[in-house]
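Trainee: Could we go through this model together, with each term set against its definition?

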Amino acid sequence: MSDRPAPSEFQPAALDWDAHGQPQSRRYGDVYFSRASGLEETRHVFLAQNDLERRFAALGEQERLVIGETGFGTGLNFLCAWSLFASTAPSGARLHFVSVEKHPLTRDDLARALRLWPSLAEQAAALLGQYRAIHPGFQRLVFDGGRVTLTLLIGDVLDTLPTLDASVDAWFLDGFAPAKNPDMWQPALFAELARLSAPGATLGTFTSAGFVRRGLIEAGFDMARVPGFGHKREILRGRYIGSAQTPVDPWYARPPKPAADRRALVIGAGLAGCATAASLAARGWQVSLIERHAEVAQEGSGNPQGVLYLKLSAHGTALSQLVVAGFGHTRRLLERLQRGADWDACGVLQLAFDEREQARQAQLAAAYPADLLRAVDRAEAQALAGVGLDSGGLFFPDAGWLHPPALCRWLASQPGITQVTHREAIRLRRIDDEWEAQGDGQVLGRAPVVVLAGAADITHFEQTAGLPLKRIRGQITQVPATAASQSLCTVLCAEGYVAPVRGTEHTLGASFDFAATDLSLRAEEHRSNLDLLAAISPDLHARLEVANLNADSLEGRAAYRCTTPDYLPLVGPLADASAFADRYAALGKDARLRPDTPCPWRPGLYVNAAHGSRGLITAPLAAELVAAWIEDEPLPLPRAVAQACHPNRFLLRQVVRGTPAPQAGPA
């Protein structure tokens with residue numbers, strides 16, 4: 001099932017505002033909160049009924065509480081919970097808030113609504129600062145240095161909640177009244193609440209409708225009517241007393257949580273490694289980031305400009321869902337950097353350069369909301385780009401370019417991260433419940449957890465030698481800007497790309513070479529990139545005075561991309577391949593079997609790699625996914641998408657197809 005609504009279903013909230021400046025849904029004809037006092041209503045219905053003040057205060061250092069909500073609305077419930085958490089919980093505790101919203105407010109409407117609550121101004125400002133690129137699917141927002149995490153599920157609750165992988169401690173069962181929004185208040189919703197509930201999970205809801213109470217009881221909740229707030233005589237409070245839900249297939253189950261010693265080694269300091277280190281450090285881990293070069297971002301993440309390019313399918317594939325969610329997460333991260341020098345949301349224009357591309361773009365324009373992408377004709381495309389073009393295309397208004405080393409440096413500078421440079425890890429050994437990374441006869445570090453983030457080089461380790469990774473060489477060309485070329489004001493993409501000026505240069509590229517085994521710059525690839533530029537915009541080609549350039553003396557960079565046979569990254573925990581093949585050999589005769597034998601995990605060993613040419617978009621969110629696997633947190637992606645990226649997918653295919661298991665060394 002796709003978690004992305006069709007465009008006819010996805011619409012932002014349409015609001016009317018009363019004389020007191022309070023919002024009401026035009027679509028549902030209902031208020032977002034009590035006209036008497038939305039703040040006090042939230043505190044009574046959701047905070048008090050879930051006993052959150054006591055539970056926050058009782059959290060231990062490094063413990064967390066997960067709240068699930070139906071109906072994010074104006075974010076009032078989230079902000080109230082966050083404010084209470086900030087004032088009562090220990091400094092090392094963490095709050096995860098997961099909320100579903102079918103019709104998210106626009107940023108302007110959200111800002112107007114939140115001005116009603118001056119006591120929440122600090123939290124509201126932080127939410128508004130991160131409230132960007134809120135597109136259908138899963139969107140992760142991170143606050144207070146990682147202490148508070150908000151995962152928004154944008155779409156219909158009965159489509160999105162079944163895709164969530166989480167264990168929820170407290171529920172805010174919100175949303176418009178059952179009489180106004182009957183499609184939500186269904187037995188299927190109550191069953192999903194039960195599936196996702198931790199043992200003893202609590203629930204509060206403003207409604208006291210009998211069918212809601214009976215439905216929740218049938219799903220496994222012990223429900224009681226309690227006094228309501230304002231004109232509401234009664235509301236409902238509950239606790240989950242049902243049985244544990246059916247586990248997932250063992251090869252996609254959660255691995256055992258690491259011991260309390262929160263130390264990790266991350267090997268490889270490109271974007272995937274730096275982001276993974278930052279995600280773990282935000283959760284209180286002490287991380288050693290091991291890099292063979294003198295500093296971070298020296299290989300595939302070292303280009304002067306990379307493009308936030310969303311290559312999508314119109315069919316809601318796992319890769320497209322990953323790309324949309326990852327784009328939002330990266331886009332929000334970039335707000336920490338210096339705009340103009342480190343990044344720019346100048347937009348990306350994907351040109352419709354032939355009939356096949358035009359047809360593909362028409363499908364995409366019909367499948368995604370206009371605030372993510374929209375079709376533009378040639379005249380509008382030229383106005384957006386500032387240079388002459390031969391066609392229109394798709395415009396991604398919130399995308400742009402990024403200086404990847406700047407993001408890597410910011411991520412790697414977070415508290416809790418120690419950079420270990422000029423050291424190449426070449427061997428891993430498991431000794432006394434810890435991994436030992438060795439290189440050049442030295443011990444580079446020891447920790448209970450290791451995350452391998454060194455692209456295709458991770459197959460040099462015995463434990464990962466069988467992973468199906470391949471390298472693709474790519475070369476970019478740096479072209480000196482001219483006075484005329486500086487009119488380019490958006491990224492242009494066709495079969496290649498060219499970015500607006502950064503400093504004194506434009507970046508264009510990039511070549512693809514599946515056979516190359518060296519990274520020396522090649523004049524013929526510079527010429528190929530210049531040919532791609534000519535196809536993108538003959539006008540810009542002339543403005544850059546390409547006829548006067550000597551390809552033999554142009555600057556550029558060459559690096560390897562790393563990808564997999566299905567072009568999805570490898571993200572998650574690693575199993576022992578030989579033991580996996582033995583344990584699940586019966587699947588080779590009947591792939592429908594679902595054995596209950598636990599997966600033979602390699603304890604504490606994880607991977608974040610193989611992002612191909614999409615790493616700027618997918619690697620940072622993949623780091624959050626790795627951290628969620630390690631910490632047993634709500635996953636930041638739909639469960640099916642996380643499984644599509646899981647390393648075990650290839651081991652499973654080998655067993656089902658009866659192909660030999662890859663040979664890996666001892667732990």
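Mentor: The chain averages a pLDDT of 94, and 97% of the residues score at least 70, where pLDDT is the predictor's confidence in each residue, from 0 to 100. Over residues 1–8, however, the pLDDT is below 50, although this stretch has 24 contacts beyond near neighbours in sequence, a contact being heavy atoms within 4.5 Å. Where pLDDT is low, the predicted coordinates should not be read in detail. This is a predicted model, in which local features need pLDDT of at least 70 and side-chain atom pairs count only at pLDDT 80 or more, while totals for chains, interfaces and linings use all residues. Residues are numbered from 1 along each chain as its sequence is written, and side-chain values use heavy atoms, with hydrogens and water left out.

Trainee: Why is α9 called oblique to α17?

Mentor: Helix α9 (residues 271–281) and helix α17 (residues 615–631) pack at an angle of about 40°, their axes 8 Å apart. Helices (H or I, at least four residues) and strands (E, at least two) are DSSP runs, numbered from the N terminus. Axes are lines fitted to C-alpha atoms, for helices over the stretch in contact, and angles run from 0 to 180 degrees between N-to-C directions. Angles under 35 degrees count as roughly parallel, over 145 as roughly antiparallel, 65 to 115 as roughly perpendicular and the rest as oblique, so α9 is oblique to α17.

Trainee: What makes up the contact of α9 with α17, by class?

Mentor: That contact has eleven nonpolar, three polar and one charged residues; Ala, Val, Leu, Ile, Met, Phe, Trp, Tyr, Cys and Pro count as nonpolar, Asp, Glu, Lys and Arg as charged, and the others, Gly among them, as polar. Among the residues that meet are Leu271 and Ala275 in α9, and Leu616 and Glu624 in α17.

Trainee: Which term describes how α3 and α5 lie to each other?

Mentor: The axes of helix α3 (residues 76–88) and helix α5 (residues 121–130) come within 9 Å and cross at roughly 125°, and α3 and α5 are therefore oblique to each other. Phe78, Leu79, Trp82 and Ser83 in α3 meet Gln123, Ala124, Ala126 and Leu127 in α5, a contact that divides into six nonpolar, two polar and no charged residues.

Trainee: Which strands stand at the edges of the sheet, and why?

Mentor: Eight strands form an open sheet with mixed pairing, in the order β17-β18-β16-β26-β27-β28-β25-β29. Two strands pair if DSSP finds at least two bridges between them. β17 (374–376) and β29 (555–563) stand at the edges because each has a single partner strand, so one side of each is left without a neighbour in the sheet.
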